[in-house]
Amino acid sequence: MLLNRETSGGRWRIRPDGTGKVTGKLAYLTDLSLPNMLIGRVLRSPHPHAYIRRIDVSKALAMPGVHAALTAKDVPGLNRFGIARPDYPVFCEDRVRFIGDAVAAVGAETAELAELALAAIEVEYEPLPVVDDPERAILDDAPLLYPEGNVFHRNEFKFGDIEAGFAAAAHIVEETYSTPRQMHTYMETEGGLFVPGEDGRLTAYSPTQHGFMDRMQLSRILAKPEAEIRVVSSPIGGSFGGKDELNVQPYGALLALATGRPVKLHNSRWESVRAGLKRHPMKIRMKTGVDADGRLVAHRAYVVADKGPYSTLGAEVLNFATEHVVGPYRYGAVDVDTVSAYTNNGMSGEFRGFGGNQAIFALEGQLDRLAALLGMDPWELRRRNLRQAEDPGPLGQPISVTGGAGQVWESLAGSALWGRRSDPALRSSSTAPWLLCGIGSAYVMHGAGLGVGIPDPAGGRLELRADGKIEAAFGYEEFGQGLIASLTQMLVEMFGFAERDIVVTIGDTDVVPDSGSTTASRATSMMWQSLRRMRGPFGGKLLEAASVALGKPADALALGEGGIRAAENGRLLMNYASLAASLAASSAQPIRTQTRFSYPTSPVDRVGAHYMYSYAAVAVEVEVNTLTGRVRVTDQYHAVAAGPVINPQGYLGQIEGGSSMALGFALTEDAVMDGGHYVTKNLDTYLVPTIVEQSGGVTVDAIEELPEGDEHGPRGIGELGSVGLAPAIAEAVYQATGKRVSKLPIDPALLQERFRFD
Amino acid sequence: MIEKTYLSAGRSAPLRIRVNGRETELDVPPSKRLLHVLRDDLGLTGTKRSCEIGRCGACMVLVDGEPVNSCLAMAYQCQSKSVTTIEGLSEDGMTLVQQCFLDEGGYQCGYCTPGMIVSVTALLANDPSPADTDIQEALSGNLCRCTGYGGILRAVKKAIELKREQTG
């Protein structure tokens, strides 16, 4: 179905959180303040790599109005954090390893005072050699970040006889692909308000993608029981993976407990740039061979990722890349080696697409280059090698069966945009011969969920509250994707409630169940599965209670808008408030259903292998200005097969918005570093797409059909859209100019031509 | 690195501005940014802080009807001027532009939305039927990281269409 407001009909709903957003009345967590609060600031390292010889905070502490100046020795618990492996120092003790490393934090009565206090802290550093190239980092003579060496993580995947495969190949393509240090650039920088309670509890109002993970980590840092910490984490002004790890929370929490006063932190953009996560820059060397019929006979990939100094989810990202450089194709033999290397560069970590963006840019580049050597249509080459519905996944693991791979192939092949390739008028215009047009495409198979071997819990709770509202409580976060809207829509469509009957409770560890993280394109799938599990029990209990209250058989009753209705004619018999009141009057148990399960996984022991996949095919038309070297995207077509569309507005927004990130990845975005220092410090030089770059059309075909008997329902779409556009642009540029792009963002100098104007 | 945006040199001085129709008198340093006056002194947090160098538009407000990045305007520059923030676009309820953003889904996380809506409001006040290139020009200083601008463009076009219908 072509997805837009018209085709969605009544399913296109106004978001429950929309009014607050368009009126400015919604308070984000960085908008909160309290009258007696202090301003917190963090002192970060001026050096990418150095020993700390001395830290002296006494002058800062002596300043009137400065209430705390904390360093490593003031951390009561574990002076480290990190979701997968806690190796990221809250405060560095004796060594800094990147420009975002924290050495101290202050709490002061005003922002100006906090700034002056930071300047009054004396730190003596002894600079160390800077490791700023991941490939050099793993050579024997490289300076070490850690005594164990600079190799952070390795992975591999191999099958078949790779050398025999290359020997039998009719054509071989070898290419090295490079991808940029892309920044999430959430418009709301990290921050929050940290409030110590009189009861000794601490409340952290600060964005995250998994409140319970933050609570556990804060508990470890503060040496304070989890029950004494409350994390309030939504709404969020964008995250895209970037607020998944702790950021300002340890400092806010420590300062609040040290001073006994509420503490607010809100990073400046520069502080967000220097300390925040980025997409792992990767260099991917590939060698791929085809036989004369276009069958992939051998595929070798070597990936080097720039980890920066600490783990974050870097191992998981590399595992994801290992899986996705293989992707949706069949091969005679595969030989993949991947390595992630510690450097003193910026901190890499989780980011929408999670290593797939880099992997698929390289893989699709290989397919396009092979098609050109074969003289074959690039889409036809993909068809000849495409996985079939029953095939195992990229790592040979059993996966949930869908026809998605074939469906999106067909959709793109039949699209008007792709059909325009053969139009002779396409390539250039006679009035402006420096403008060249081309059309390219790319294929995406993207895994969702955390994968084998990683705890991936899910669940939620439904309750009829005393006031008659149906409360849906989930431990997920709203960072813009429309999670509240999708949950509301499912409750309306699966249960028959009216929107006004429903209260959605999320983002507060005191009141929600742990539903696992809001990451890895998993939340909508898991909410759908939770509601499906709870529909029978919860609906049954409501009808049973209504049956008692009304004196009618339960099977004559139905859930509906506003209350219990007659199954026969839909007449309202009892509203939910009356039902709740009758329960209270008879001292009956409140009606409440909870479910807890895990994201489905593949029955293999390969860590990180995925079970559920979404598929996309992307076609794009570009116009290359060979005078300026600039590329303009003029039209996009996205075919997406990810099961039923839960929330049309949200789905469309995820594909449009995701592809905008891919556009930036392809054309303009790079947080440039030089010797471990950021050259790109703010949005004047870090260029995310504006409305001008996004003026071309975007068409989304949402393919909902799943095999009969499918139990898994909607697949993830949160990341999928951010992947395929970049390789499609690279091919479109080739079609327009005959020039191959192997490095992103595309350097305009590559595409500039000398023109003679006669 | 000193954060100049935080530092407000000099002593406080009286500032008279009209904010969302209300005459307001404050004592603030003359170089304090309007963004911080609005957010910290007046509690008008609908105006958002993001890049603080005038590149993202999250802090856009109207000063005497013209769109201004409030992170770039100092208090003294706003002396005796009339400032309208997102909170002041409509007394109660919503303007047509706000309603169109809501209907078309012209937002996701919503953090850029107040600034975006202020810019659209200024555009349509000056020109009720802007060409596509005028829309692009007017909104090129407002970054949205979530939507890819699809929903925003649909909202703007809807607002133009409805305005045209209203005025016949």
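Domain bounds here come from an automatic or database domain assignment. This is a predicted model, in which local features need pLDDT of at least 70, side-chain atom pairs count only at pLDDT 80 or more, and totals for chains, interfaces and linings use all residues. Residues are numbered from 1 along each chain as its sequence is written, and chains are lettered from A in the order in which they are written.

**Domains of chain B**

Select residues 13–88 of chain B for domain 1 and residues 96–167 for domain 2. Their centres, taken over C-alpha atoms, are 22 Å apart. Domain 1 of chain B brings 14 residues to the contact and domain 2 of chain B brings 13, where contact requires C-beta atoms, placed from the backbone, to lie within 7 Å.

**Chain B against chain A**

Next, display both chains: 46 residues of chain B and 48 residues of chain A form the contact. On the chain B side, α2 (96–104), α3 (113–126), α4 (132–139) and α5 (150–167) each supply at least two residues; helices are DSSP runs (H or I, at least four residues), numbered from the N terminus. The largest share of that side, five residues, belongs to α2(B).

**Two helices of chain A**

Finally, select residues 648–667 (α18) and 725–737 (α19) of chain A, whose axes lie 8 Å apart at an angle of about 50 degrees. Axes are lines fitted to C-alpha atoms over the stretch in contact, and angles run from 0 to 180 degrees between N-to-C directions. The angle therefore makes α18(A) oblique to α19(A); angles under 35 degrees count as roughly parallel, over 145 as roughly antiparallel, 65 to 115 as roughly perpendicular and the rest as oblique. Residues to show in this contact include Phe665(A) of α18(A) and Ile729(A) of α19(A).

How values were computed. Contact = placed C-beta atoms within 7 Å.
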